Amino acid sequence: MTGQKPLERLDARIAVGLGGGYLALLLSGVHSLGYTRDEGFYAYAARVLELWFELVREQGFAAFSRVNVDHFFGVNHEHPVLMKFLFALSHRSFHERWPIFESGTALRLPGMLMAALAVGVIYCWGRETAGRAAGVVSALLFAFMPRVFFHAHLACFDVAVTSMWLVTSYAYVHAFLRPRVASVLGAGVLYGLFLDTKHNAWIFPFALLAHLACVRIFERWRRLPRSGTRVPWALLGVVGIGPCVLFLCWPWLWFDTGARLLEWFHFHLAHDYYNMEFLGRTYWKPPMPRLYAPVMTLATVPLVTLVLFALGAFEIARAIRREADAERWVHESAWLVGLGASYAPWLSTDTPIFGGTKHWLTAYPFLCLVAGRGFALVRSHVAELLPEKWRDPRLVTSGLAATLLAGPFAMTLHSHPWGLTFYTPLVGGAPGAASLGLNRTFWGYTTGALVDTIDALAPEHATIYIHDTAAQSFELLKEDGRLRSDLSGTLALPLSKLALYHHEPHMRRVEYETWVLYGTVAPVAMGSYDGVPVVWLYERP
Amino acid sequence: MGLAELGLHVWFATRTPRIDEWRALETAVLAHKRAGEPLVVAPAWAEPLAREAFGDRAFPLDELARADDASMPSLLEVSVLGARYEPARNFRVVSEEHVGRFTLRRLQNPAPVRVRFRFLDHVNPSDLRVTLTRGGVTVPCPYTDHALPTAGGLHGEVAFPRARFACPDPERTFVGVTVIDDQTYAPRRCIWAAPPPGGVLSLAFRAVPFGSALRGFGGLSYFLFRDSDAPPVTLALASDGAPLGSYTHEDASGWHGFSFSTAPFTGQSRGVELGVSAPDEAPDRHFCFALEALE
C-alpha cells in the first residue's frame, strides 16, 4: 500500500519555521540589493493600483467602471494583476500606513512571502512522501539555490509563479487522490490565482493531462486499482474554476474580454527577443540554443543538489519497476511532470532566453523534491556503511544533511547581492563563467552596488546616466534614501556628470559613447564579484 | 562531495585578484608601458579592472580601440589566472615578469605591418578638407571643435564628437573621430563619414607619404546594423585624381578589412581623395573607417 504519511502538528510548525526563517534571511539582506528594471515597472503599476484603492474608498462601485478599470489596470496589462495588487497592498500597509519597511522592501515583501510559502510547501510535500528529513533537505536545497535566492528578493513574478505552480500542484494531487468538494474547489481557485500570477500557468492544464496519463498507464501496467475517481474531478475543477477566478480577480478582463485575452496571449507567444550572452555569443533572434536551459542549470544550481536529484530520479525509476504504490506515483509523477513541463518551452529554438534561469524557476521545487528522495536513498546507504555504534539515525541524518547543505548554503550567502553573476564551481565560479562567455548581469540592478560612490562623487543636483537601470528603479533607490534625493537619473549621456555602465557585450557601444563624450576610458569605481567586473562608473573630467 | 564543492567554491571565489591588487600593479605596468605599444589584458573580461586601476595613461584611446593588432610591433600583456591574449598567440614572448598574482609579458609581433601614415591622426583642418556634393552642388563642411556632442544610448546613434567637419545637414553628415562596436562588440576607433542621401561626402587628405599599399577597415555599429540589409556604402579612393580603387561595405559584415596597392607611388608624398556614397534610395546610411598608408 502507500508509504505516504499524513502531516502532523509538528510538521506544520517545521514548515512555518522553515518558511519564516527564509523570510527573515531574505529581509536581512534586501537593503543591499539594487532594483531590477522590471521591479521599477511593477512598482509603478502598484503605485497606480494604490491610487485605485483610494478611488474604491472614495467612490465605491464607481471605481469599477470601465473608465476607471482601463485607467488604473491598463498599466503593465501584459501581466495579470495578483502580485501587483499584493505589492500595492503591502506598500500601502507596511510603508505608507505603518512605516515598518522602506518603500522598496514593502513592495518586495509579497514576493518574499511567496518564496517562504514555497519553502514551507516543499517541506510538507517532501515530508508526506519521503519523510521528515527528506522534506527538510528538499526545502533547504530549494532555499539555497543562489538564483532562487536572488529572485526571491524581488518585487517580480518569477518566484511567485514558482510558488503558485508548486502549491496548486500540491493541492491538485490531494484533490486527485481524495476528490472532495472542498479540495476540488480549492485546486480550482488556486489555479485561478496561479493564472493571475503569470502566464507560465497556461502550461499547467497540459501538465495535468500528462500527469493523468502517467498515472493511468502506471496503474494498467502494474494492474493496480485506479487512484482517485474515474472522472478526474480535480482536473475538471482546475480547468473549469481557474479561468473564472482569473476573470473575477483581474478587472482588466471585464471589458473587451476576448480581445484582451488575445492580446495577452499574443504578447507572450510573440514576445520580443532581447539579447542574451551564452558561451561567448550574443543571441538576439532565433534559433536560440537548445543547450541553454540544461547548461545554465548545470552552471547555476549547486552540483550536490543536481547529484541528489539524479539519485532521486534513479530511486523513483527503481520504485516504478519494483513497487506497486500507485499513490506514491501520483505524487512523484506530478513532480516529474512539473519539472518537464517547466523546461519544455526551451526545447523549441524559438523560445526567448533573455531572462536566463528565471524562465524555468518553476521546475526547481520539483527538482528539489526529487533530490529529497535522493537524500533518503543516500542516508539509508550511508547508515549501512557505518559501524553499528555510529548508526544513530538522528546523528547520521543530521550529519549527512549538514554536509550536503553546507555548500549550497555558503554559495547562496556568498552570491548576495550579485545573484545573476553567481556561477557554481562546475564552470569555475564567476571568473570561469566570464571566461566561458556566460552572461554576467542583466536588468540593471547592480547600480545598488555603487550608490555610496555615486553619492560621494556626484555634484549637487547632478544628473546620472543610468544606462540599463529603469528610471523607476533609480527613483526607488532615492526614495529608500540609498541615493541622494537631489540627484536625477537620465538616459541622455551628454547631460550627465556621472555615467553607469552595466556590462553585457551587446551594450558595449554605450561604454564607447561614454569614452568619446567624457574623454576618458578609465572608470572611477567598479562593482565586481569575485574579481569579475560587473558594473562600473565614469565621471566626466 | 558537498564539502568538496564548498572547497572548490571558496577556491574559485578567491583566486582572482581584487581591485586593490590591480591598483597596486599600476607602478609596474606604467614602468613597462611604451608609447604606441598597446596594453592588453588576459582574460579579456578583466580589462575594465585594469582601466580603472591604471588609468588613461596606460590605455590611450587610439591604442585601446585600434583597428587590429597586425600593425602593432609589440604588445604589453597583463595576465591573470594563466590566461593569454588570444589574438596574439603567434606573437613571441620576449620578456616575462611575475608580480604577485599577475604576469607581465612583452609580446613581439613576428611580422608587423609597418605603417607610415595613420589617417585617423590627421582628421584636422591642417591635413584634411571635407566637402559635400549633392544635386550637382558642392559645399564645404567646415571644421569646428565646438559642435554639440551627442550620443544615442543603446538604440540610438554612436557618439558624435565635439570636434568635426560639419556639413550643412543632416546632423549625422560630418567627418570626425568616434568609436564603434565591431562584430564581437569590441571597440574600433574610426573616422565617421556617413554619406548623405543622394550625395557624396568627399575627404581630401594632404601630403600622405605613400608606400606599398593603403590598408583600411570599414564598419558601422554592429549592434545597430547586424540585421540590416540596407544598400551598401561605397568608399572610392584616389590620389591626386588617379583612381586607386573602391571598397563596398555591406552592413552585416561588421568591421571588415580592405587594401589597395600603391606600389607605383612608393616614396612620394601625395594627396588622397576619398568619396563616400550610397545609392540614392538609402536614407539612413552610417559608415566609419580606418585607413593607413603602409611602408
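Domain bounds in this description come from an automatic or database domain assignment. For chain A, that assignment gives domain 1 (9-374) and domain 2 (445-539). The model is a predicted one, in which local features need pLDDT of at least 70 and side-chain atom pairs count only at pLDDT 80 or more, whereas totals for chains, interfaces and linings use all residues. Residues are numbered from 1 along each chain as its sequence is written, and chains are lettered from A and ligands numbered from 1 in the order in which they are written.

The centres of domain 1 and domain 2 of chain A, taken over C-alpha atoms, are separated by 33 Å. Their contact (two residues are in contact if their C-beta atoms, placed from the backbone, lie within 7 Å) takes 17 residues from domain 1 of chain A and 18 residues from domain 2 of chain A. Helices (H or I, at least four residues) and strands (E, at least two) are DSSP runs, numbered from the N terminus. On the side of domain 1 that touches domain 2, the elements giving two or more residues are helix 2 (37-59) and helix 5 (103-130) of chain A, and the largest share, six residues, comes from helix 2 of chain A. By class, this side has five nonpolar, eight polar and four charged residues; Ala, Val, Leu, Ile, Met, Phe, Trp, Tyr, Cys and Pro count as nonpolar, Asp, Glu, Lys and Arg as charged, and the others, Gly among them, as polar.

Within chain A, helix 10 (residues 204-222) packs against helix 15 (residues 326-343) at an angle of about 145°, with the axes 9 Å apart. Axes are lines fitted to C-alpha atoms, for helices over the stretch in contact, and angles run from 0 to 180 degrees between N-to-C directions. The residues that make the contact include F206(A), H211(A) and F218(A) of helix 10 of chain A and W329(A), V337(A) and A341(A) of helix 15 of chain A. They divide into 12 nonpolar, three polar and one charged.

Chain A also has an open sheet of five strands in the order 4-3-5-7-6, with mixed pairing. Strand 4 (488-490) and strand 6 (525-529) of chain A stand at the edges, each with a single partner strand, so one side of each is left without a neighbour in the sheet. The twist averages 25° from one strand to the next. Strand 3 (residues 463-465) and strand 4 of chain A pair in the parallel sense over three bridges; two strands pair if DSSP finds at least two bridges between them. In this pair, I464(A) stands opposite G489(A). Helix 21 (residues 508-518) of chain A lies across strand 5 (498-502) and strand 7 (532-539) of chain A, running at about 160° to strand 5.

The contact between the chains takes 40 residues from chain B and 43 residues from chain A. Helix 1 of chain B gives the most to the chain B side, with eight residues. That side has 26 nonpolar, eight polar and six charged residues.

In chain B, six of the seven residues of strand 18 (residues 288-294) are buried, a residue being buried if 20 or more other C-beta atoms, placed from the backbone, lie within 10 Å of its own. Strand 5 (residues 115-118) of chain B pairs with strand 18 of chain B in the antiparallel sense over three bridges, and V115(B) stands opposite L294(B). Seven bridges join strand 13 (residues 213-219) of chain B to strand 18 of chain B, also antiparallel, with L214(B) opposite A293(B).

Terms used:
Buried ≥ 20, exposed ≤ 12 C-beta atoms within 10 Å, placed from the backbone.
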